[in-house]
Amino acid sequence: MGLFTKIFSGLKKTQSKLSTEIRRIVTRSPKLTGDDIEELEGALLASDMGLAVTQRIIDAVREKYESSGGQAGSVLETAQAEVRSEERRVGKECSSRWSP
């Protein structure tokens with residue numbers, strides 16, 4: 001197994017765990033509380049998203065929650081979409097650095 005295969009495999013595991021954690025936090029209660037936001041923030045930081053990226057995701061989740069009237073499903077979709085967007089951005093950045 002090559003180095004990049006190992007890295008990619010590890011990233012897939014992290015993505016799966018993060019997605020499961022986001023779903024668990026957002027869907028366990030119809031209302032998103034301050035504790036839920038803190039827990040979501042902790043999950044994002046634990047997945048090595050970084051402080052700036054975590055803050056952008058949290059801000060997007062809060063904005064979506066407030067604008068959707070507290071619909072958990074829309075918050076879940078927003079959080080997951082923001083994470084995927086960041087993963088794509090980082091992937092493009094890495095591939096451009098490693099391209100000959």
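1. In this predicted model, the side chains of arginine 24 and glutamate 21 meet in a salt bridge, with N and O 2.5 Å apart. Both residues belong to helix 1, where a spacing of 3 residues amounts to about one turn of the helix. Arginine 24 counts as partly exposed because its relative accessibility is 37%, and glutamate 21 is likewise partly exposed, at 26%.

2. Arginine 24 also pairs with glutamate 39, and the closest N and O atoms of this salt bridge are 2.3 Å apart. Since arginine 24 lies in helix 1 and glutamate 39 in helix 2, the pair ties together parts that are 15 residues apart in sequence. Glutamate 39 has a relative accessible area of 27% and is therefore partly exposed. Through shared partners, the salt bridges join Glu21, Arg24 and Glu39 into one network. The structure holds 2 salt bridges.

3. The next point concerns the nonpolar core. The largest such core has 19 residues, of which Leu18, Ile22, Leu40, Leu44, Val61 and Val83 touch the most other members. At least two residues of this core are supplied by each of helix 1 (3-27), helix 2 (34-46), helix 3 (51-67) and helix 4 (72-98). Helix 3 provides the largest share, 5 residues. In soluble globular proteins, nonpolar side chains tend to be buried together.

4. Which residues does isoleucine 22 touch, apart from those up to four places away in sequence? The contacts of isoleucine 22 are Leu40, Leu76, Ala79, Gln80 and Val83. Two of these partners, Leu40 and Val83, are listed with Ile22 among the core residues that touch the most other members.

5. Helix 2 contains 13 residues, and the distance from its first C-alpha to its last is 18 Å, close to the 18 Å expected at 1.5 Å a residue. Its buried residues include Asp36, Ile37, Leu40, Ala43 and Leu44. These residues lie on the same side of helix 2, because they cover an arc of only 125° around the axis. The other side of helix 2 carries Gly34, Asp35, Glu38 and Ala46, which are exposed. Aspartate 48, which follows helix 2, has a positive phi near 65°.

6. A polar atom of the aspartate 36 side chain lies 3.0 Å from the backbone nitrogen of threonine 33. Leaving aside residues up to four places away in sequence, aspartate 36 touches Ile25, Arg28 and Lys31.

7. Leucine 45 is also placed in helix 2. With a relative accessible area of 36%, leucine 45 is partly exposed. Its contacts, not counting residues up to four places away in sequence, are Gly50, Leu51 and Thr54. Leucine 45 and glutamine 55 are separated by 10 residues in sequence and by 9.6 Å in space, C-alpha to C-alpha.

8. The geometry of helix 3 agrees with expectation, because its 17 residues should span 24 Å at 1.5 Å a residue and its end C-alpha atoms are 24 Å apart. The buried residues of helix 3 are Val53, Thr54, Ile57, Ile58, Ala60, Val61 and Tyr65. Their arc around the axis is only 160°, which puts them on the same side of helix 3. Thr54, one of these buried residues, is also a contact of leucine 45. Leu51, Ala52, Glu63, Glu66 and Ser67 are exposed on the face of helix 3 turned away from its buried side. Glycine 69, which follows helix 3, has a positive phi near 75°.

Terms used. Residues are numbered from 1 along each chain as its sequence is written. This is a predicted model: local features need pLDDT of at least 70, side-chain atom pairs count only at pLDDT 80 or more; totals for chains, interfaces and linings use all residues. Side-chain values use heavy atoms; hydrogens and water are left out. A nonpolar core is a set of buried Ala, Val, Leu, Ile, Met, Phe, Trp, Tyr and Cys residues joined through side-chain atoms within 4.5 Å. Buried means under 20% relative accessible area, exposed over 50%, partly exposed in between (1.4 Å probe, protein chains only). Helices (H or I, at least four residues) and strands (E, at least two) are DSSP runs, numbered from the N terminus. Contact means heavy atoms within 4.5 Å. The expected span of a helix is 1.5 Å times one less than its number of residues. The arc is that of the directions from the helix axis to the C-beta atoms. A polar contact is a pair of N or O atoms within 3.5 Å; within protein, one must be able to donate a hydrogen and the other to accept it, and residues adjacent in sequence count only if both atoms are side-chain atoms. A salt bridge is a side-chain nitrogen of Lys or Arg within 4 Å of a carboxyl oxygen of Asp or Glu.
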